[in-house]
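Subject: Structure handover

Hello,

Here is the structure we talked about. Please look it over, then read the notes below.

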Amino acid sequence: MKVVLLAATALSLSFSAANAAQNPPPQPLPMTPPITAAQDVPYPGTLKLFVDATDTDRRIIRVKQSIPVDKAGPFTLLYPEWLPGNHAPRGPVDKVAGLVITAGGQRIAWTRDPVEVYAYHVDVPQGATSLEVEFQFVSPVTTDQGRIVVTNEMMNLQWNQLALYPAGWFTRQIPVELSLRLPDQWKFGVAMDVAGTADGVTTFKPVSFETLVDSPMFAGRYYRQFDLDPGGRSPVKLNVVADREELLAATPEQIEKHRNLVKQADKLYGTRQYDRYDFLLSLTDRMGGIGLEHHRSSENGVPPTYFTDWDKHAANRDLLPHEYTHSWNGKFRRGADLFTPDFSVPMRNSMLWVYEGQTQYWGYVLSARSGLLTKQETLEAIASTAATYEARVGRTWRTVLDTTNDPITIARKAEPWTSFQRGEDYYSEGQLVWLDADTLIREKTGGKKSLDDFAKVFLGAEGKFDGSYTPLTYGFDDVVEALNKVVAHDWAGFLKARIYDVAPKAPLDGLARGGYRLVYKDTPTAYFKANESRRKTTDLTYSLGVVVGGEGKLSAVQWEGPAFKAGLTNAGQIIAVNGLAYDAERLKTAITEAKGGAKPIELLVKTAERYRTVQIPYHDGLRYPALERIAGTPARLDDILAPRK
């Protein structure tokens with residue numbers, strides 16, 4: 001044995017030597033300079049940014065920048081990576097093409113950092129006073145390339161996609177002057193002030209790079225602006241772009257509901273944490289949808305018939321209240337670990353259950369108080385949320401807090417088993433936790449105080465910074481302290497049990513304390529049906545345990561539900577139901593007819609190239625969530641949803 005091992009060792013050494021001779025080790029690459037950490041000092045000069053957005057046919061946006069420099073030597077330019085509101089590193093650097101940098105008329109080489117790939121290193125030559133930068137942003141032309149941001153009728157310009165900035169400074173310390181060329185006759189909405197227009201180019205007053213990124217634009221051929229606070233203390237505008245002109249025909253009653261949103265938010269928060277606010281609203285099925293908050297504006301995408309088919313879009317009408325609330329919650333009051341000096345420093349999402357969870361709560365409350373949703377529509381929406389989390393099997397192993405990492409780990413991609421894996425549950429489970437807190441405050445104070453008081457104390461900072469849009473950061477202890485200012489309670493324990501600990505039971509105490517219980521009926525609510533229509537699905541989550549899309553394709557299967565136990569996954573397609581070709585009504589009829597019986601529901605299912613017959617022994621009929629009043633209890637939820645006088 002020893003002889004064989006020695007021979008094998010000699011052979012191995014001989015092979016290694018020969019291999020090394022033929023394939024010498026690679027030489028080390030030239031070292032790239034370090035990226036200078038951001039300092040909170042003024043930048044020496046004002047960046048000039050010119051954007052030509054006229055090529056709507058090819059959807060190519062052309063960018064020119066002039067970036068002042070005050071000395072020769074290594075210099076780093078950054079492309080925004082970690083984007084507020086995305087909660088993740090989503091800067092589309094892959095869409096930057098044709099990057100050319102010159103100084104004094106001479107082209108200079110750039111090198112991408114091999115680790116921080118959003119960074120470009122250059123060597124500024126002696127005597128240069130600025131770097132001239134040109135590139136094209138090749139925006140997606142099909143949805144598989146990313147969100148569509150340019151069509152022949154409209155565009156969504158996000159300046160973080162269209163600019164580089166110098167490393168070494170807080171972005172709030174870097175001044176930028178933007179000039180923009182749009183297609184002829186196009187109009188725009190943006191939360192920035194115009195300095196002037198000449199030869200088809202609009203120039204805006206300088207702002208910081210931080211404010212620029214926080215001030216996107218909607219522009220379009222078909223545009224209309226509505227004043228939501230005529231004569232108010234600060235301008236609030238609704239800027240609407242549409243696929244067609246007739247889609248802009250909002251009724252006075254509809255606009256009044258949007259004005260009520262502003263009034264009800266004033267009553268709730270007690271302050272305005274902005275000097276102006278611009279709702280940007282796209283009515284389109286051509287440009288990609290969006291819901292993204294900014295301090296003095298928000299980007300909102302809804303179906304094209306939002307106004308002209310108003311009754312069909314209840315499921316979209318809480319979007320503007322949600323994004324508007326973020327001006328206070330998320331932009332003004334911001335988790336300390338989400339506050340970063342520039343867009344290269346990673347953001348941490350540990351407080352998103354406040355940032356997004358409470359915003360989800362106030363979004364529904366303000367929808368009801370303003371009339372954007374009726375009380376009944378709001379109750380039906382809450383029922384759908386409660387049912388989702390009652391059925392969320394993933395709570396048996398994973399905390400709400402851990403889901404705050406999902407924007408980074410999942411990147412909002414589809415999951416095979418959302419009900420078990422969870423997916424950004426800090427939004428809507430967070431909403432239920434804050435309903436729990438609101439009703440508890442009302443119960444403990446005999447209705448004298450509520451979460452409205454917390455909103456004024458915490459989100460409105462007791463009026464101490466009215467009009468300011470400088471972020472005021474917080475941590476867990478600050479949330480607990482503000483709740484205790486409203487009413488004394490073990491709020492740390494309350495939040496820990498619901499957010500930080502594994503909680504197998506859904507947080508539905510707020511419903512019961514609010515005077516309602518979650519029930520299931522054999523017919524869907526109007527809100528549930530509208531949501532099915534919006535998603536183009538047949539939602540049988542609470543009966544058969546599936547959501548079915550077009551052509552019978554399974555888009556979701558409930559973990560441990562009847563379909564799951566029969567071996568189905570969301571990769572399947574239902575071909576037939578009880579021996580007859582699939583359609584949605586036939587499947588629902590089969591579920592109804594099997595109720596209380598013994599005969600299983602039989603499905604012919606195709607998965608890849610395999611066909612098989614699956615028998616599902618389910619006999620409880622159709623089940624759709626609804627809320628039911630608990631007789632003899634205070635209707636606190638009704639009080640929560642009622643408009644403030």
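Helix H6 passes helix H11 in a right-handed crossing. A crossing counts as right-handed if the near helix is turned clockwise from the far one by less than a right angle, and as left-handed if anticlockwise. Helices (H or I, at least four residues) and strands (E, at least two) are DSSP runs, numbered from the N terminus.

Before the rest, the ground rules. This is a predicted model, in which local features need pLDDT of at least 70 and side-chain atom pairs count only at pLDDT 80 or more, while totals for chains, interfaces and linings use all residues. Residues are numbered from 1 along each chain as its sequence is written, and side-chain values use heavy atoms, with hydrogens and water left out.

**Helices around H11**

H6 covers residues 357-370 and packs against H11 at about 70°, with the axes 7 Å apart. Axes are lines fitted to C-alpha atoms, for helices over the stretch in contact, and angles run from 0 to 180 degrees between N-to-C directions. H6 and H11 are therefore roughly perpendicular. The classes are: under 35 degrees roughly parallel, over 145 roughly antiparallel, 65 to 115 roughly perpendicular, the rest oblique.

On the H6 side the contact uses Gly357, Gln358, Gln360, Tyr361, Tyr364 and Arg369. H11 brings Ser428, Gly430, Gln431, Trp434, Leu435, Asp438 and Arg442. Contact means heavy atoms within 4.5 Å. By class, this contact has four nonpolar, six polar and three charged residues. Nonpolar means Ala, Val, Leu, Ile, Met, Phe, Trp, Tyr, Cys and Pro; charged means Asp, Glu, Lys and Arg; the others, Gly among them, are polar.

Helix H7 (residues 375-390) also meets H11. Their axes come within 10 Å and cross at roughly 110°. That makes H7 roughly perpendicular to H11. Ile382, Thr385, Ala386 and Tyr389 of H7 touch Ser428, Glu429, Gln431 and Leu432 of H11. The count here is four nonpolar, three polar and one charged.

H11 itself spans residues 428-444, and helix H14 spans 491-500. These two pack at about 150°, with their axes 11 Å apart. H11 and H14 are therefore roughly antiparallel. Their crossing is right-handed. From H11, the contact takes Val433, Trp434, Asp436, Ala437, Leu440 and Ile441. From H14, it takes Trp491, Phe494, Leu495, Arg498 and Ile499. Nine of these residues are nonpolar, two are charged and none is polar.

**The five-stranded sheet**

Two strands pair if DSSP finds at least two bridges between them.

S19 and S20 (residues 236-242) run antiparallel and are joined by five bridges. Tyrosine 223 stands opposite valine 241 in S20.

**The four-stranded sheet**

A second open sheet to check has the order S31-S30-S32-S33, with antiparallel pairing. Its edge strands are S31 (580-581) and S33. S30 (residues 573-577) pairs with S32 over four bridges. Alanine 576 stands opposite leucine 604 in S32.

S32 (residues 601-607) and S33 (residues 610-616) pair over seven bridges, antiparallel. Lysine 606 has tyrosine 611 of S33 as its bridge partner. The two strands form a hairpin with two residues between them. In the turn, alanine 608 has a positive phi of about 60°.

**Another hairpin**

S15 (residues 194-198) and S16 (residues 201-204) pair in the antiparallel sense over four bridges. Glycine 196 stands opposite threonine 203 in S16. This hairpin has two residues between its strands, and aspartate 199 takes a positive phi near 55°.

**The whole chain**

The chain has 19 helices and 34 strands. Its C-alpha trace spans about 90 × 85 × 55 Å along the principal axes.

Best wishes
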